Structure formats: C-alpha cells, structure tokens
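Please keep the view open while reading the points.

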Amino acid sequence: MEAATGREDKPECSVLMPVLNEARHIEASVSAMRQQSFEGEMEFLVIDGGSSDRTPEILRELAGRDPRIKVLSNPRRTTPSGLNVGLAHARGRWVVRMDAHTTYPADYVALGVERLHRGDTRWVSGPPIATGNGPVSRAVALALRTRLGRGGSRKWANDRSTTAREYELDSGVFAGVWARETLIAYGGWDERWARNQDSEMAGRFLEHDEKLICLPAMASEYTPRNSIPSLWRQYLDYGDYRERTAARHPQTMRRSHLLAPSLVITAAASVAAPRPLRWLARGGIGVYGLALAAAGAGALRDADDQQAAALVPVVLAVMHFGHGTGMLRGAVRRGPPLAALARALGRDRLAASLAPPPTPVYAPSLTPGDGDRV
C-alpha cells in the first residue's frame, strides 16, 4: 500500500465512493479501500449525499489522518450524481468506482489498470460474490448461486476459484476501472438512472463496439439486502430501470429479461383470464413453483446454513416478481421498449426501424464547482 504523504503530486489513480448515511460501515469501507496495493499515487474521493448520521464527521476524521482522502458533497444525493461529482474532481489518469457495501481485493485497482494498459478494452471490472450478513441476506446470496437467481447474467461469481482468465460482458456489469478521459468522452454517468446506471453506460459503450472485460481475479464481495421488503423495493427499481435502459439502448435487452415480466403476466392470467387461458396459466405457475422447489432443495442439500437455504424459494420469487413488476411498471409509464423487444426476439430489421434517436447524457454534476469539499 502506498504510504500516506502530504505531497500534492498529481495522483495516478482516483477512487470514487458515493455514500449516504453509512456511519456503521464507512470506517471499515474506507480502511479496505486504502489497502489497495497499487504502486502509483492514489486519491480517495468519498462523495457524501447529505448524510444525517455521523458519516460526515467520521469522514473528516479519516481525511485528517490520511491526506489522500478527500470528502466531497453531493447535493443531488443520488449515486450517479455522486459519481459525477467525484469524476469532475478526479485528478488521476485512472478512475475506479467502489461501493460502500462491497469489499474489494487488495489488487483490484492494480489488476484493472494493468488490463487497461494491455489494450483492446476501455472498461475492466470484476464479478461480485454475494455474501450475506443475516438470514435473508444469506438466502439471497445462495439464490444468486443458482441459474434462477442469475438469469442470463455472466457478471456473478460464486468464489474466486475459477480457472477462467477473463471473459466479455454484455450490459450486466458491476462497477469497474477506466481511464478518466474515457469516462469524460462518454459523458459520465447519466443522472436520470438512480439504478442501473452502470448498465446504461455500458449500453453506450456497446453501441461503439467496445469490449467490456471481466477479470475473475478482481472478484469483490457484495452484501445483499437483509429484509424481504427492501429486497422487493430493490428489484422493483431494478426492473423499472432495466426497462428504461432497454428503451434507450435496445441491444442491452436479452431474451432472459422477458422471463420476469412474463411470469407476472402469467400469474395475473391464472386469476383473471378466461377459463381456458386461466388453466393454462395455472399450469405455467405450477411449473415455476416446481422450479423454485428444486432450487430450494438444492440449496438445502449444499448449504451449511439451513435457515437461509429454506428461504431461497421465497427470495427468488421476490426477486422475479419484483423485477418483472418493475419492468411492466416502466413500460406502462414510458411505453414499451419496442425496438428492444424486436431485437430480443430476433427481428433485427424491425428493431433497426424502431430504434430511438440518440439522447444526450444528463450529467449536471460534472459541471465545475459542484461538490465542493465538506
């Protein structure tokens, strides 16, 4: 780890961490962030979204002990606005996004920068490994080890014991490492995306045929929500913003994204559709129930935590119905993503004719002067 010094040399790497009311975790998060084994000078930009707990006080204490830590304010209070405030103040050649509830390996930055140096990609990330800290959180972690929990996403990992050196991702990404000039060229994070902002940005990269590289060696530990209501709200928002991302970037929709809203429609049809369709829909829900039971049985067989394993079918259903309801809610509010649907169904010509016009990135927090130090 680079020793803390009082030098004002321009850092080689800037780490961005948006926070809000993280008094319980922020000291451990910043401590882990400072353990990076990167050889060059680093700065750590912690962007506070108006915390009402002791987070600002703790951050000021930490900054007083390590001049590499700089605390910035995020008046718009969302994750993408915080990231843009950090990007506007970042002085490093390389920029890294880190989240407060995720633990990153000590060589995360070094591995990402080294891979960027080798060329043929401008976005490098690692897979998240879900690790729970309560019954529901541990159940979600177990659920994300199943095919039903991951869907078609390649971004998740069970552990770091993989033989794969690297692989490409679609818009399902988790944080990452970039050159600062690349993020500026792409306009930063769009602040209309309170959720799914990395996937929206990935859509812009993919439109320019960029390769998004995932390095298993950069795997980080992510802590899922530990209550059913918060899990429902999280996946409801994920679904809403996934639909919004697909509407702007049709190529980001996979066929697997259609399964959750189809499940919600099938469940509704099993109650309210005409009799022949109702029985057909009930048969579909029965098959889904068997799949949940199989996933739960597998978790009970393989997991040490039997209490969490017993909750796997419940959290899977919450994730699926939340995500599906969110996508349908977004389609009702903004209109269905017709080009994305056509593309997902293999109708590329129709998708091209329905493609939306380019939309400028909304990133007011990149304006110089926003996010002064607190």
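**Notes on the predicted model**

1. Start with the contacts. In this predicted model, residues 24 or more positions apart account for 81% of the contacts in the chain with a separation of 6 or more.

2. Next, the secondary structure. The chain has 15 helices and 11 strands. Its radius of gyration is 21 Å, close to the 21 Å that the globule rule gives for 374 residues, so the chain is as compact as a globular protein of that length. The C-alpha trace spans about 75 × 50 × 45 Å along its principal axes.

3. How much of the chain is buried? Buried residues make up 51% of the 374 residues. The accessible surface comes to about 17,000 Å². Carbon and sulfur atoms hold 54% of that surface.

4. Charge comes next. There are 48 positive and 40 negative side chains in the chain. The centres of the two sets lie 8 Å apart.

5. The average pLDDT of the chain is 92. A score of at least 70 is reached by 94% of the residues. Residues 1-7 are another matter: pLDDT stays under 50 there. The model still has 17 contacts beyond four places in sequence for this stretch. Where pLDDT is low, predicted coordinates should not be read in detail.

6. Two backbone angles deserve a look. Most residues other than glycine have a negative phi. Asn21 is not a glycine, yet its phi is positive, at about 50°. Asn21 sits in the loop between β1 (13-19) and α1 (26-34). With a relative accessible area of 34%, Asn21 is partly exposed, because that value falls between the 20% and 50% cut-offs.

7. Arg77 is the second case. Its phi is near 70°, a positive value in a residue other than glycine. Where is Arg77 found? Arg77 is in the loop between β3 (69-73) and α3 (79-89). Arg77 counts as partly exposed, at 47% relative accessibility.

8. Finally, look at Pro360. This residue lies in the segment after α15 (348-354). Is Pro360 buried or exposed? Its relative accessible area is 63%, over the 50% cut-off, so Pro360 is exposed. Which residues does Pro360 touch, not counting those up to four places away in sequence? They are Asp190, Arg192 and Arg248. Leu280 is 80 residues from Pro360 along the chain, and the C-alpha atoms of the two are separated by 44 Å.

Methods:
Residues numbered from 1 in each chain as written. Heavy atoms only, no water. Helix = DSSP H or I, 4+ residues; strand = E, 2+ residues; numbered from the N terminus. Rg over C-alpha atoms; globule rule 2.2 N^0.38 Å. Buried < 20%, exposed > 50% of the residue type's maximum accessible area, 1.4 Å probe, protein only. Contact = heavy atoms within 4.5 Å. Areas by Shrake-Rupley, 256 points an atom, 1.4 Å probe, with all protein chains shown as cover. Lys, Arg positive; Asp, Glu negative; His and termini not counted. Charge placed at Lys NZ, Arg CZ, Asp CG, Glu CD. pLDDT = per-residue confidence, 0-100.
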